[in-house]
Amino acid sequence: MSDLARKKCAPCEGGVAPLTDAQIGPMLKGLDGWSREGNTIARTFHFKNYWETMAFVNATAWVSHREDHHPDIALGYNQCKVTYVTHAIGGLSENDFICAAKIDALLAL
């Protein structure tokens, strides 16, 4: 499990600057399959069937709720795209990377 996956999200109500490109680069390199899309990070996960996709969506929702940092989720029969951004600051924060790492850790269970 990555160091990010061991961290806990900090409340973010705004008033801080989004991460810079220099800060984002190393954090993104530590995540497998995630890419930057504008001011977000995203990854599409693929599964064998709808049941596995929905189980992953529910597990993602549970992790995100515990961290109080919620992604956008788009799903289809055998795929799910998860996108994180810290809306309160209009860009990326460490919380986005923490949650992405925790979602990746679900696949290692």
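Predicted model: local features only at pLDDT ≥ 70, side-chain atom pairs only at ≥ 80, totals over all residues.

Colleague: Great, strands then. In which sense do strand 2 and strand 4 pair, parallel or antiparallel?

Modeller: Strand 2, residues 40-46, and strand 4, residues 79-84, run antiparallel to each other, with six bridges between them. Within that pairing, Phe 45 sits opposite Cys 80 of strand 4.

Colleague: And how many bridges join strand 3 and strand 4?

Modeller: Four, and this pairing is antiparallel too. Strand 3 and strand 4 make a hairpin, with three residues between them.

Colleague: Is Leu 75 buried or exposed, or something in between?

Modeller: Leu 75 counts as partly exposed because its relative accessible area is 41%, and the in-between class runs from 20% to 50%. Leu 75 also belongs to a nonpolar surface patch, together with Tyr 50, Ile 73 and Tyr 77.

Colleague: How much accessible area does that patch have together?

Modeller: About 400 Å² for the four residues.

Colleague: Changing topic: what is the phi of Asp 68?

Modeller: Phi is near 55° there, which is a positive value in a residue that is not glycine. Asp 68 is in the loop that runs between helix 3 (50-67) and strand 3 (72-75).

Colleague: Is Asp 68 buried or exposed?

Modeller: Exposed, since its relative accessible area is 60% and the cut-off for that class is over 50%.

Colleague: OK, charges now. How many salt bridges does the structure hold?

Modeller: Seven. One of them pairs Glu 67 with Lys 8, where the closest N and O atoms are 3.7 Å apart. That pair links distant parts of the chain, 59 residues apart: Glu 67 is in helix 3, and Lys 8 is in the loop between helix 1 (3-6) and helix 2 (21-29).

Colleague: Which of those two is buried and which is exposed?

Modeller: Glu 67 is buried, at 8% relative accessible area, whereas Lys 8 is exposed, at 54%.

Colleague: What other salt bridge does Glu 67 form?

Modeller: Glu 67 also forms one with Lys 102, with the closest N and O atoms 3.5 Å apart. Here helix 3, which holds Glu 67, is linked to helix 4, which holds Lys 102, and the two residues are 35 apart in the chain. Lys 102 is buried, with a relative accessible area of 16%. Through shared partners, the salt bridges join Lys 8, Glu 67 and Lys 102 into one network.

Colleague: Nice. And which residue does Arg 43 form a salt bridge with?

Modeller: Asp 104, and the closest N and O atoms of that pair are 2.7 Å apart. Arg 43 lies in strand 2 and Asp 104 in helix 4 (residues 94-106), so this pair ties together parts that are 61 residues apart in sequence.

Colleague: Why does Arg 43 count as buried?

Modeller: Because its relative accessibility is 16%, and buried means under 20%. Asp 104 is buried as well, at 17% relative accessible area.

Colleague: Thanks, that covers my questions!

Notes
Residues numbered from 1 in each chain as written. Heavy atoms only, no water. Buried < 20%, exposed > 50% of the residue type's maximum accessible area, 1.4 Å probe, protein only. Pairing = 2+ DSSP bridges. Patch = residues over 30% accessible without salt bridge, like charges linked within 9 Å, V, L, I, M, F, W, Y side chains within 5 Å. Areas by Shrake-Rupley, 256 points an atom, 1.4 Å probe, with all protein chains shown as cover. Salt bridge = Lys/Arg side-chain N within 4 Å of Asp/Glu carboxyl O.
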